[in-house]
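Here is a short walk through one structure. Look first, then read on.

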Amino acid sequence: MEVFDVLIIGGGVSGVSCAQVLGSAVKKPFVADKKVGIIMHQKASMLQDAIFYNAYGIKQGTLGSDLLAQSIEDLNYYDHLTQIFGVKVTSINRTNELYEVHTNKEIFTTRLVVVAVNSSPTFDIGGLLEFVEPHKKSLASKNRIQLKNNDHLVVDGIYVVGTLAGHRSQLAIAAGSGAAVATDILTLWNDGIETHSHDSTRVK
């Protein structure tokens, strides 16, 4: 049975950002043997209809649909990162020290889960519904929800990122949220010693 060290649910901005940071850290000794998976879009991404003029590092006028396609292609750079397509997560269940992520087609087993879907009130992942609450930074009329969390941690082993973590809907915020959780996970893997993942042109 394949066991992921972390499984990210959702291939939007926050999920892919989290995956990119975890993927880029493979050169670190404490990451080299880790298995990272990402279950791509659970539904149509909000990026499909977006166009960006105010997102740091992104050329003005970039279409969200193009950015979405490029982000999927970029993840292929990391050989140890598994992209999973064509499944919908239905529930998450704790089994001893592991989590079982049930989908409409198969069950995945993982040590850590990152929930990176949007804040739509149609959220229906079993095992997490008890943590649903009204979104604290969104207009009540939008009927958005979030998961109760403490600095992205819902319960031991389950993280939430992006708007579902209670952040506002802004690309830079969503990307930062995913990256922040990735560094929390890297720190956890590094026996609690703070760490991050940077690439550099400097010769070492």
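Contact means heavy atoms within 4.5 Å. The model is predicted: local features need pLDDT of at least 70, side-chain atom pairs count only at pLDDT 80 or more, and totals for chains, interfaces and linings use all residues. Residues are numbered from 1 along each chain as its sequence is written, and side-chain values use heavy atoms, with hydrogens and water left out.

Start at Ser177. Leaving aside residues up to four places away in sequence, Ser177 touches His152, Val161, Gly162 and His167. Ser177 sits in helix 3 (residues 171-189). Helices (H or I, at least four residues) and strands (E, at least two) are DSSP runs, numbered from the N terminus. The relative accessible area of Ser177 is 4%, so Ser177 is buried. Buried means under 20% relative accessible area, exposed over 50%, and partly exposed in between (1.4 Å probe, protein chains only).

Now turn to the aromatic rings. Rings of Phe, Tyr and Trp (its six-membered ring) pair if their centres lie within 6.5 Å; planes under 30 degrees apart count as stacked, over 60 as edge-to-face and the rest as tilted. The count by this rule is two aromatic pairs. Phe4 and Phe108 form a tilted pair, because their ring centres are 6.5 Å apart and their planes stand at 55 degrees. Phe4 belongs to strand 1 (residues 3-9) and Phe108 to strand 8 (residues 107-115), so the pair ties together parts that are 104 residues apart in sequence. Both Phe4 and Phe108 are buried.

Tyr77 and Tyr78 have ring centres 5.2 Å apart and planes at 85 degrees, so this pair is edge-to-face. Tyr77 is exposed, at 68% relative accessible area. Tyr78 counts as buried, at 15% relative accessibility.
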